[in-house]
Amino acid sequence: MLLPERVKYRMQHRGRMRGKAYRGSTVSFGDYGIKALEPHRVTARQIEACRLVITQRVSKTGRFWIRIFPDKPVTKKPAEVRMGSGKGDVDHWEAVIKPGRILFEFVGVDSDMAKAISKLVSAKLPMQTKLVSREEQEAL
């Protein structure tokens, strides 16, 4: 699973997910991309599940890119522990996603296969997504 090798600070605040994504909002590497339509936090396990689905479909004919990385630590206290005594240990890592962010890109598949991949990947993610292509993006 994905996680950073080193971080400057071990624990972070949760923060807010206001606004739209301006960075990472265009298809840059592949022909098709999966775009987030609403703000959400995506865990490293969910990214790994999507990676497996895309690998099974794309690996023989094309390439794919993961455009998000889980760099935010999420802490959790153990079960049945009394209140107080500080913040819990890091439980898992997640990526903060804003609307408009391209999550995954792939190339080397036809449009029907791209739609099928998008449908399978969106079932693994906790938010609504949309398939975008480089051609329709350049037409705008």
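Colleague: Which residue of β6 is the bridge partner of K35?
Modeller: In this predicted model, K35 has I102 as its bridge partner in β6. On β7, K35 stands opposite K130.

Colleague: How do you know that β1 and β6 pair, and in which sense?
Modeller: Two strands pair if at least two bridges are found between them. β1 and β6 have 4 bridges, in the antiparallel sense, so by that cut-off they count as a pair. β1 and β7 are joined by 5 bridges and also run antiparallel, and therefore they pass the cut-off of at least two as well.

Colleague: What is the strand order of the open sheet?
Modeller: The order is β3-β6-β1-β7, 4 strands with antiparallel pairing. On average, neighbouring strands of this sheet are turned by 20° against each other, direction ignored.

Colleague: What makes β3 and β7 the edge strands?
Modeller: β3 (63–66) and β7 (129–133) each pair on one side only. For β3, the pairing with β6 (residues 102–107) is antiparallel and has 4 bridges. Within β6, F106 is the bridge partner of F64.

Colleague: Why is β1 called mostly covered?
Modeller: Of its 5 residues, 4 are buried. Buried requires under 20% relative accessible area.

Colleague: How many aromatic pairs does the structure hold, and why is the pair of F29 and W65 called stacked?
Modeller: There are 2 aromatic pairs. For F29 and W65 the ring centres are 5.8 Å apart and the planes stand at 25°.

Colleague: Are F29 and W65 buried, exposed or partly exposed, and how do you know?
Modeller: W65 has 19% relative accessibility, which is under 20%, so W65 counts as buried. F29 has 49%; exposed needs over 50%, and therefore F29 counts as partly exposed.

Colleague: Which residues have the most contacts inside the largest nonpolar core?
Modeller: That core has 21 residues, and those with the most contacts inside it are I97, L103, F104, F106 and V121. Two or more residues come from each of β1, α1, β5 (89–97), β6 and α2 (111–124). The element that gives the most is α1, with 5 residues. F106 touches, beyond four places in sequence, a set of residues including Y32, I34, V58, F64, W65, A114, I117 and L131.

Colleague: What span does α1 reach, and how does it stand against the expected value?
Modeller: α1 has 15 residues and reaches 21 Å from its first C-alpha to its last, close to the 21 Å expected at 1.5 Å a residue.

Colleague: Where does α1 (residues 44–58) lie, and which of its residues are buried?
Modeller: α1 lies across β3 and β6, running at about 170° to β3. Its buried residues are A44, I47, C50, V53, I54 and V58. They pack against β2 (40–43), β3, β5, β6 and α2. In general, an α-helix has 3.6 residues a turn, so residues three or four places apart point the same way.

Colleague: Why are E80 and S85 called exposed?
Modeller: The cut-off for exposed is over 50%. E80 has a relative accessible area of 84% and S85 has 71% relative accessibility, so they count as exposed.

Colleague: Why is E5 called exposed, and where is its place?
Modeller: E5 has a relative accessible area of 83%, and over 50% is exposed. Its place is in the segment before β1.

Key. Residues numbered from 1 in each chain as written. Predicted model: local features only at pLDDT ≥ 70, side-chain atom pairs only at ≥ 80, totals over all residues. Heavy atoms only, no water. Axes fitted to C-alpha atoms, helices over the stretch in contact; angles between N-to-C directions. Contact = heavy atoms within 4.5 Å. Phe/Tyr/Trp six-rings, centres within 6.5 Å; stacked < 30°, edge-to-face > 60°. Buried < 20%, exposed > 50% of the residue type's maximum accessible area, 1.4 Å probe, protein only. Core = buried A, V, L, I, M, F, W, Y, C linked by side-chain atoms within 4.5 Å. Expected span 1.5 Å × (residues − 1).
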